[in-house]
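I opened my notebook for a look at how the pieces of this chain pack. Here is what I looked up, in the order I went.

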Amino acid sequence: MTAADLVLPEARSGRRRATKAGKQLHAGPVTYVALTVFALVSLAPLVWTAIAASRTDRRLAQAPPPLWFGGNLFKNLETAWDQAGLGTAMLNSVIVAGAITVSTVVFSTLAGFAFAKLRFRFSGLLLLLTIGTMMIPPQLAVVPLYLWMSDLGWSNQLQTVILPSLVTAFGTFFMRQYLVQALPTELIEAARVDGASSLRVVWHVVFPAARPAMAVLGLLTFVFAWNDFLWPIIALNQQNPTVQVALNALGTGYVPDQAVIMAGALLGTLPLLIAFLLFGKQIVGGIMQGAIKG
């Protein structure tokens with residue numbers, strides 16, 4: 001057996017692997033069936049909410065439940081809008097969720113960059129303490145936080161809901177883990193050699209590299225802030241509510257109208273759906289870009 005006999009099989013195997021790696025993968029029938037089932041299961045609660053919102057309370061109490069849309073959708077939507085005062089609540093939720101999202105993404109990116117690429121004393125201990133705060137139940141902070149906001153004179157004001165969520169431990173850890181892999185240290189050093197200041201490094205190097213993770217964190221933060229109920233129901237009242245606090249008013253009364261409640265829930269969900277339809281392509285593209293870079 002010659003050396004060529006030993007080399008040729010390896011070369012042929014390498015070419016076959018390269019050919020297979022260059023081929024585009026195609027999904028089979030099983031994949032499409034599984035994706036269809038998952039999509040239907042995911043859409044079922046939203047579709048049922050819309051169906052219930054288009055019916056009357058008496059029809060919802062009957063068996064079997066309705067499986068198709070009725071003719072009272074717009075009437076129930078108007079009733080829910082008027083009873084809950086959703087106009088003011090929508091505006092307040094946009095302000096609260098928008099402010100929390102912007103501040104969390106910016107501050108978490110800065111803190112994550114510091115933990116990922118900067119060297120300073122006790123960085124490991126500080127990171128451990130930051131992660132440790134995620135283990136504390138948020139319910140434990142409700143009473144001292146409420147007393148603190150009352151001392152500041154911020155009761156029933158939107159900044160009471162915004163201030164405690166300006167930055168999160170999860171966001172900091174999430175951005176730190178992403179920047180460790182996605183941001184080469186050599187790129188930062190090259191910017192330093194070119195005379196870039198710290199602010200310029202952050203603006204022209206860190207933020208562009210972290211854009212995919214910032215998009216994902218922004219979406220998660222906005223959804224969480226929009227759906228938050230525990231702290232807003234304590235800090236705000238019905239005169240200055242967010243959407244979730246306003247929807248709570250629809251469940252009051254001796255016999256709550258379930259159709260109107262479902263209509264209010266549908267109205268509270270629509271802004272999230274619109275935001276995802278508008279920015280979903282950029283968010284998914286950012287995730288794929290980050291995966292390719294990784």
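I began with a helix pair: H5 passes H9 in a right-handed crossing. For handedness I used this rule: a crossing is left-handed if the near helix is turned anticlockwise from the far one by less than a right angle, and right-handed if clockwise. Helices here are DSSP runs of H or I with at least four residues, strands are runs of E with at least two, and both are numbered from the N terminus.

Before going on, I noted that this is a predicted model, in which local features need pLDDT of at least 70 and side-chain atom pairs count only at pLDDT 80 or more, while totals for chains, interfaces and linings use all residues. Residues are numbered from 1 along each chain as its sequence is written, and side-chain values use heavy atoms, with hydrogens and water left out.

**H5 and H9**

I looked up the geometry next. The axes of H5 (residues 86-117) and H9 (residues 169-182) come within 7 Å and cross at roughly 50 degrees. Axes are lines fitted to C-alpha atoms, for helices over the stretch in contact, and angles run from 0 to 180 degrees between N-to-C directions. The two helices, H5 and H9, are therefore oblique to each other; angles under 35 degrees count as roughly parallel, over 145 as roughly antiparallel, 65 to 115 as roughly perpendicular, and the rest as oblique.

Which residues make the contact? On H5 they are Ser108, Thr109, Ala111, Gly112, Phe113, Phe115, Ala116 and Lys117, and on H9 they are Gly171, Thr172, Met175, Arg176, Leu179 and Val180. Contact means heavy atoms within 4.5 Å. By class, I noted 7 nonpolar, 5 polar and 2 charged residues for H5 with H9. The classes run as follows: Ala, Val, Leu, Ile, Met, Phe, Trp, Tyr, Cys and Pro count as nonpolar, Asp, Glu, Lys and Arg as charged, and the others, Gly among them, as polar.

**H5 and H11**

I stayed with H5 and turned to H11 (residues 198-227). This pair packs at an angle of about 140 degrees, with the axes 8 Å apart. H5 and H11 are therefore oblique to each other, and H5 passes H11 in a right-handed crossing. Their contact has 16 nonpolar, 8 polar and no charged residues.

**H10 and H11**

H11 also meets H10 (residues 185-193): the axes come within 10 Å and cross at roughly 130 degrees. H10 and H11 are therefore oblique to each other, and their crossing is right-handed. Leu187, Ile188, Ala191 and Arg192 of H10 make the contact with Ser198, Val201 and Val205 of H11. I sorted the contact of H10 with H11 into 5 nonpolar, 1 polar and 1 charged residues.

**Nonpolar cores**

Which members of the largest nonpolar core touch the most others? Of its 32 residues, they are Leu86, Trp226 and Trp231. H5 gives the most to this core, with 6 residues. A nonpolar core is a set of buried Ala, Val, Leu, Ile, Met, Phe, Trp, Tyr and Cys residues joined through side-chain atoms within 4.5 Å.

I then followed Trp231. Not counting residues up to four places away in sequence, Trp231 touches Val142, Leu145, Tyr146, Met149, Thr160, Val161 and Pro164.

I found a cis peptide bond joining Ala63 and Pro64, with omega about 0 degrees. Pro64 sits in the loop between H3 (57-60) and H4 (73-84).

Phe122 is not a glycine, yet its phi is positive, near 65 degrees. Phe122 is in the loop between H5 and H6 (123-132). Buried or exposed? Phe122 counts as exposed, at 55% relative accessibility. Buried means under 20% relative accessible area, exposed over 50%, and partly exposed in between (1.4 Å probe, protein chains only).

Asn156 also has a positive phi of about 65 degrees. Asn156 lies in the loop between H7 (142-151) and H8 (158-162), and is partly exposed, with a relative accessible area of 33%.

**Whole chain**

Last, I jotted down the totals. The protein chain has 14 helices and 0 strands. Of its 294 residues, 31% count as buried. Among contacts between residues at least 6 apart in sequence, 71% join residues at least 24 apart.
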